[in-house]
Amino acid sequence: MFKRYTELLYLSLPIFLWPLVFVVLREVFITAMLLATLLLGTLTLLFYREKVHRNLRPTWKSALAGLILSFPLYGIFVFGKIFLTALNLQHSVSNVYTSIYLSSDATLLPFFLTIIGAMEELYWRGGQLAVLEERLKRIHAYMLSISYYSLVHIWTLNISLLLGALTIGIYMVITAKKLGLTASMICHVAWLLEAIVLFPLGP
């Protein structure tokens with residue numbers, strides 16, 4: 001019974017953390033996101049290390065695959081921006097970038113994004129998904145994980161964030177299950193650096 005309650009608390013944390021990060025602490029968004037993801041990643045390593053290790057697959061092939069897969073993911077977001085612009089919703093993309101750039105020093109931003117991307121994968125596609133797979137049929141665990149990852153962004157009322165989270169959720173679950181958590185971590189980090197630092201899609 002105690003294990004079930006601790007798992008429920010672990011799974012529920014983003015429900016409390018994401019509105020805190022995206023709404024309450026928006027002016028210090030990057031710092032808040034860094035601390036939130038570090039908390040989730042640390043808890044994952046403390047309590048679910050073995051589960052994560054089973055799907056880590058830390059090989060150079062996985063790392064290279066993750067890096068390569070970040071480019072088509074970036075391409076999907078390029079088309080996504082074009083789609084949102086056609087619907088006159090480009091301001092929703094601009095709002096995301098404004099929150100990021102105004103809340104972080106430009107020289108430290110790549111470092112922060114690297115930690116955030118890695119810790120997100122460690123929690124969402126590592127510990128959290130492993131816990132769900134133990135409780136549910138595999139396909140149901142995948143669907144719940146993707147839906148959960150998307151819906152915790154609803155507090156922002158930002159259509160680009162919701163659609164982006166849905167895309168990331170699907171893409172990273174497939175990557176993590178097919179190629180391992182190492183691949184999804186590197187893919188997520190590389191995509192963040194491409195979309196925010198190297199080839200930004202916003203102001």
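Which helix gives the most to the lining of the largest pocket? In this predicted model, that helix is H8, which contributes 9 residues.

Two or more lining residues come from each of H1 and H2. The largest share belongs to H1, with 7 residues.

H5 consists of 13 residues and spans 18 Å between its first and last C-alpha atoms, close to the 18 Å expected at 1.5 Å a residue. Within H5, the buried residues are Ser92, Val93, Val96, Tyr97, Ser99 and Ile100. Viewed down the helix axis, these buried residues of H5 fall within an arc of 155°, so they line one face of the helix. In an α-helix there are 3.6 residues a turn, so residues three or four places apart point the same way. The partners against which the buried residues of H5 pack are H2, H4, H6, H8 and H9.

Helix H2 contains 19 residues and reaches 27 Å from first to last C-alpha, close to the 27 Å expected at 1.5 Å a residue. The buried residues of H2 are Phe29, Ile30, Ala32, Met33, Leu34, Ala36, Thr37, Leu40, Gly41 and Thr44. Gly41, a residue of H2, has a relative accessibility of 0% and therefore counts as buried, the cut-off being under 20%. When residues up to four places away in sequence are not counted, Gly41 touches Met119 and Leu122. Between the C-alpha atoms of Gly41 and Ile100, which are 59 residues apart along the chain, the separation is 21 Å.

Ile159 lies in H8. The relative accessibility of Ile159 is 35%, so this residue counts as partly exposed. Ile159 touches Leu84, Leu89 and Ser92, with residues up to four places away in sequence not counted. Ile159 and Ser92 are separated by 67 residues in sequence, yet their C-alpha atoms are 6.6 Å apart in space. In H9, Ser184 is buried, with a relative accessible area of 0%. The contacts of Ser184, not counting residues up to four places away in sequence, are Glu121, Arg125, Met172, Thr175 and Ala176.

Arg57 is placed in the loop between H3 (49–54) and H4. Phi of Arg57 is near 50°, a positive value in a residue other than glycine. The relative accessible area of Arg57 is 33%, and Arg57 is therefore partly exposed. Asn88 is placed in the loop between H4 and H5. Phi of Asn88 is near 60°, again a positive value in a residue other than glycine. With a relative accessible area of 54%, Asn88 is exposed, as exposed residues are those over 50%.

Conventions: Residues numbered from 1 in each chain as written. Predicted model: local features only at pLDDT ≥ 70, side-chain atom pairs only at ≥ 80, totals over all residues. Heavy atoms only, no water. Helix = DSSP H or I, 4+ residues; strand = E, 2+ residues; numbered from the N terminus. Expected span 1.5 Å × (residues − 1). Buried < 20%, exposed > 50% of the residue type's maximum accessible area, 1.4 Å probe, protein only. Arc of directions from axis to C-beta. Contact = heavy atoms within 4.5 Å.
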